[in-house]
Amino acid sequence: AAHVLLQFHLNNTLEDQLLENVTVAVDLSATPGLVAESELPCATLPFGTPGVAFTCLRRAEGVPVGSLPCTLKFTVKDVDPSTGVPEPDEQGYPDEYNLEELELA
């Protein structure tokens with residue numbers, strides 16, 4: 001196959017935050033032969049509701065193996081925990097969270 005499709009199951013555990021445009025950035029610098037081709041973000045990830053994001057990698061050469069550092073990237077909006085709804089003028093701010101490395105074997 002020419003592509004590797006990564007599916008990430010997501011869960012927001014912070015009841016006072018809404019996560020938007022959630023993606024998983026994969027660091028390919030130590031894994032030759034792979035190129036990041038596209039991402040499909042999770043549009044919104046409210047507290048307690050599972051979501052999914054995808055990252056598509058293209059195999060440029062050989063059979064890539066190794067560890068891939070991954071980072072969850074998203075926009076945070078503070079919400080009222082009783083309603084889960086952000087203020088109408090809430091712009092949010094970018095944030096990220098380092099994940100465990102992904103092993104390709």
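Analyst: Of the 105 residues in the chain of this predicted model, 30% count as buried. The chain has ten strands and zero helices; read from the N terminus, its elements run β-β-β-β-β-β-β-β-β-β. Along the principal axes, the C-alpha atoms fill a box of roughly 50 × 20 × 20 Å. Among contacts with a separation of 6 or more, 67% are between residues 24 or more positions apart.

Now the pocket itself. The volume of the largest pocket is about 310 Å³. Its lining is made of 18 residues, and those nearest its centre are Asn 11, Leu 19, Leu 72, Phe 74 and Tyr 97. By type, the lining divides into eleven nonpolar, five polar and two charged residues. Four strands each supply at least two residues of this lining: S1 (3–10), S2 (17–26), S7 (70–80) and S9 (93–98).

In soluble globular proteins, nonpolar side chains tend to be buried together.

Leu 10 shows how residues from separate parts of the sequence meet. Beyond its neighbours within four places in sequence, Leu 10 is in contact with Val 22, Cys 42, Leu 45, Thr 49, Pro 50, Gly 51, Val 52, Ala 53 and Leu 72.

Val 4 is partly exposed, because its relative accessible area is 22% and the buried class is under 20%. Leaving aside residues within four places in sequence, Val 4 is in contact with Thr 55, Cys 56, Leu 57 and Arg 59.

Strand S2 contains Gln 17 and Asn 21. Gln 17 counts as buried, because its relative accessibility is 15%. Not counting residues up to four places away in sequence, Gln 17 touches Asn 12, Phe 47, Val 76, Lys 77, Asp 78, Val 79 and Tyr 93. Asn 21, by contrast, counts as partly exposed, at 46% relative accessibility. The phi of Asn 21 is near 50 degrees, a positive value in a residue other than glycine. Most residues other than glycine have a negative phi.

Asn 21 is also among the contacts of Ala 43, a residue of strand S4. With neighbours within four places in sequence left aside, Ala 43 is in contact with Leu 19, Glu 20 and Asn 21. Ala 43 counts as exposed, because its relative accessible area is 57%. From C-alpha to C-alpha, Ala 43 and Phe 74 are 9.5 Å apart in space, and they are 31 residues apart in sequence.

The cysteines come next. The count of disulfides is zero. The sulfur of Cys 42 is 16 Å from the closest cysteine sulfur, that of Cys 70, so the two are too far apart for a bond. Cys 42 counts as buried, at 7% relative accessibility. Cys 56 is in no disulfide either, and the nearest cysteine sulfur, in Cys 70, is 14 Å away. Cys 56 also counts as buried, with a relative accessibility of 14%.

Pro 86 counts as partly exposed, because its relative accessibility is 23%. Not counting residues up to four places away in sequence, Pro 86 touches Leu 18, Lys 77, Asp 78 and Val 79. Lys 77, Asp 78 and Val 79 are also touched by Gln 17. The C-alpha atoms of Pro 86 and Leu 28 are separated by 35 Å, and the two residues are 58 residues apart along the chain.

Conventions. Residues are numbered from 1 along each chain as its sequence is written. This is a predicted model: local features need pLDDT of at least 70, side-chain atom pairs count only at pLDDT 80 or more; totals for chains, interfaces and linings use all residues. Side-chain values use heavy atoms; hydrogens and water are left out. On a 1 Å grid over the protein atoms alone, a cavity is a set of points where a 1.4 Å probe fits but cannot get out, and a pocket is an open set with protein on both sides within 12 Å along at least five of seven lines; lining residues have an atom within 4 Å of a point. Grid points are joined across faces, edges and corners, and a volume is the space filled by probe spheres set on the points. Ala, Val, Leu, Ile, Met, Phe, Trp, Tyr, Cys and Pro count as nonpolar, Asp, Glu, Lys and Arg as charged, and the others, Gly among them, as polar. Contact means heavy atoms within 4.5 Å. A disulfide is a pair of cysteine sulfur atoms within 2.5 Å. Buried means under 20% relative accessible area, exposed over 50%, partly exposed in between (1.4 Å probe, protein chains only).
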